[in-house]
Amino acid sequence: MSETVVNLWSIPLLVVIPILTAIVLNLLYNRVRAIRVASVVSAAALLVVSIVSPYGLQWFTGQPGVASDGSYTYSTSIFSWKLSLEYYFGPLQQILIFTSSLLLLFVVVISTRSLKKDFGPYVAIMFLTYFSTVAVIMVNDFYHLWIVVEIGSLLVAGLVAASGAGSAQKAALKYTFFSALSGSGLAIALALILGITGYANISDAISFLMMTDLGNMYNVLYISFAFLMLSWIYAGGLAPIHPLKSDVYRSAFPHATVLLQAQSKVMLVAIGLVLLRMFGGLPFAREAMLSISLLTMILGVVMALIQTDFRWILAYLIVSHSGLVTVGISLGTPLGIVGGLFQAVNDIVYMSVLLLCCEMLLYFNNGTSIRSSGGIAKKVPWLAAFAILGAFAASGIPPFNGFQSELILIQAALGGGLPEVAAVILMVSVSTFIALFRGIYSIFLKPSTNPLPEGSESASSPPRGMPIILGILVAITLILGVYPQLALDFLTESAVKVVYVPWVP
Amino acid sequence: MIEVSLQLLTFLAASLLIIIGIAGMLFLDNLIKKLISFTLLSDGVNLALVSLGYVPGGIVPILEPGASISDFPKEAALIFGPGIVLTNIVIGVSTTAILAALIIMLYKRYGTLKASKVLKGEME
Amino acid sequence: MIDTFMTVAYLMVVAVTIGSVAALLQKDLLRAAFISGAESIALAFLFHALLAPDLGLTQAVVGTVLMPGIIILAILKTRRDEESD
Amino acid sequence: MGSIDCLYDRIKRYLSGFFIGKGLTDALTGYSSGELQIAVFLMVLAALFRVLMVPLGIMLLLGVAVLLYNFAPIIRVVDRENSNDLNRVLFWVVVYLSIIVAVTLWG
């Protein structure tokens, strides 16, 4: 009875700071300098909090713990970790939140430099998107999971529509219509799980499923699995939704897409781990997840091969590499999960490099189409160098981080007795190389065919500090490629816990 | 007269609402009609969730002064469903607002509410 | 007394179903919005009958005022009739 | 004349029919590699059924090879089915969901 329940101080900070910043930025509507200072300070504070925070839990409400014979108990030893609504901050959460905080800082710096007016609400939406990213990886109950996924999809629509083009508004409308469907499905899944197990907490629900024989109720569990899977597909943009999701990626500003892709990959990891912990024992559950991942990888990379615009190529490649993340998770072995999580971290970083290079093309080039450009390498050599390095990392060439995670994924697929999956992963990485270098060759390396008149594009000067930001990101890809153990130390424990003790967050 | 339980009937109504909502979102061509279909869909989900928690012959889950605490868990309706529904209503309103804003913007740009013209798939 | 309550509840179930179909069949969008609001009143009563009076109140306010209000605003900003071609 | 050459010739002839003129080099590379990619992926997918039963995998592999030979440029179909039309996406989602529910409930 002497055991006390201690909440972690950093989790409320990580959740509340972005929301408060968003409110303040909304109020500051158009004061450029104030918005710039407030947003950069806030993003830096979030980065520091994510680095220095210890690991722990945050509870919102209490409930009696359930003992192994089904009776209720209020004993503190169970009470201390079985609480209904909770957030958990652990090593996996730390590395993903650190990566998104870094990206948020960079994106805020870029967007406050490059946009000219009315960007208070826009930056506020960015902070809220970051909030949904951070919250979805920390939640350990279905209720918050549902709310965060809903908020996240509405924010995606807002961030995309803010770019102002007609196609962007169309993409946002389609995405929101679909969010209505999948959100309803997620609500029904939540209600079914609550009805079966009686717990909103994921840990409680899993231990209930392990202790109880459901009998006829298994069918209800399958239905809730299908609806949760629908929201997983939707939040991460997997196979049937990928046309809508790639629409979203390519019609937002590229710097906004950096946050969007980070959000969708973190959601893939979070909901995927919940699916694996909760339903991993069901027959055909992992096979369904695996088949969708394979389909996503191939469809994404094939669609990327036949595009003729660098933005569209990147959009489909992001979709395809989401499939790489989920292949690892749905393999279900510790090695596979480590590979999937590591791939998520790497993917967020190297796709950001490529997207920021794409953003720079809007300043230095006449659009991002393959056909109407050429000769950027002569004009801006550093940009070409960064784009090529990013493409190397994305296609899994040795000294970079993409190689390490794909190696782990291939090993896991071979170890799981599925060499075909390993072959598909190899195909995807080779085709990524082809697709990216089709774009990079014609935009950067090919001699310019129709030289632009000098000074026609200098209406808005590119944000300063861009080479530094790109340099830091490329350095991260190199460091993670040479010393993968730096990231793997964070991920291994979480992966092992998911497989062997799934009820522990 | 055959006694049909209220719970079964509301389940039926909820599933009809959900089917009508999804069919409306799929087959109706007008964007505002699609929006109304979405509100019907979310109404149907809400009704299904509320009727999940219904206990036949039960009482409202509010512990009134003087009521017996030992009978309360047996008689009171479940509160899980309604707890979700309250959030779902709020989410439904915000989604409706965002959809309406996007529809207004698209109407200003394209001058039509026909989904087959506005949301047409574009091939590069 | 219970019987009248239940009879009204059954009537409301029918009203919800018919109202939802009727709202989608209207040519006039403004009328469709109003009918969907009326359908929400029936829904609020059903919530009440299903032992969730707090939700009934919320649904009555949100479903009959806020949601149709947003939809009517959207209709006034765009157009009232459904294009036929 | 092996069948491989025939397949390649057919694909190339068919695809170059779509791109006469300026975009020939750029798009043709992408389209032909995408076509090969899809073909290989379908074969791998058919081979994956050996997990259930080895003869089934072999039969499916042969069947897919024959089908691919008959309907050679399938990249156009893939391209068309991946359009971002809302109703088309919703249709595929409904198909997906019913497959998942059917397989998990039956299995």
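What percentage of the 124 residues of chain B count as buried? Select chain B and keep that question in mind. The figure is 47%, where a residue is buried if 20 or more other C-beta atoms, placed from the backbone, lie within 10 Å of its own, exposed if 12 or fewer, and partly exposed in between.

Before moving on, a word about what you have open. This is a predicted model, in which local features need pLDDT of at least 70 and side-chain atom pairs count only at pLDDT 80 or more, while totals for chains, interfaces and linings use all residues. Residues are numbered from 1 along each chain as its sequence is written, with chains lettered from A and ligands numbered from 1 in the order in which they are written.

**Stop 1: chain B.** Switch to a cartoon view. Along the sequence the pattern reads α-α-α-α-α. Of the contacts in chain B between residues at least 6 apart in sequence, 61% join residues at least 24 apart. Two residues are in contact if their C-beta atoms, placed from the backbone, lie within 7 Å.

**Stop 2: chain D.** Now select chain D, which has 5 helices and 0 strands, again in the order α-α-α-α-α. Here 21% of the 107 residues count as buried. For contacts between residues at least 6 apart in sequence, 48% link residues at least 24 apart.

**Stop 3: Ala191(A).** Go to chain A and pick Ala191(A), which sits in helix α7 (residues 166–197). Why does Ala191(A) count as buried? Because 26 other C-beta atoms lie within 10 Å. Leaving out residues up to four places away in sequence, Ala191(A) touches Leu49(B), Leu52(B), Gly81(B) and Ile84(B), so try showing those side by side with the alanine.

**Stop 4: helix α17 of chain A.** Select residues 401–415. This helix has 15 residues and reaches 21 Å from first C-alpha to last, close to the 21 Å expected at 1.5 Å a residue; the expected span is 1.5 Å times one less than the number of residues. Color its buried residues, among them Gln404(A), Ser405(A), Ile408(A), Leu409(A) and Ala412(A). What covers the buried residues of α17(A)? The cover includes α13 (310–331), α14 (334–364), α16 (381–394), α18 (419–445) and α19 (466–482) of chain A. Finish at Gly417(A), which follows α17(A) and has a positive phi, near 80 degrees.

Terms used. Helices (H or I, at least four residues) and strands (E, at least two) are DSSP runs, numbered from the N terminus.
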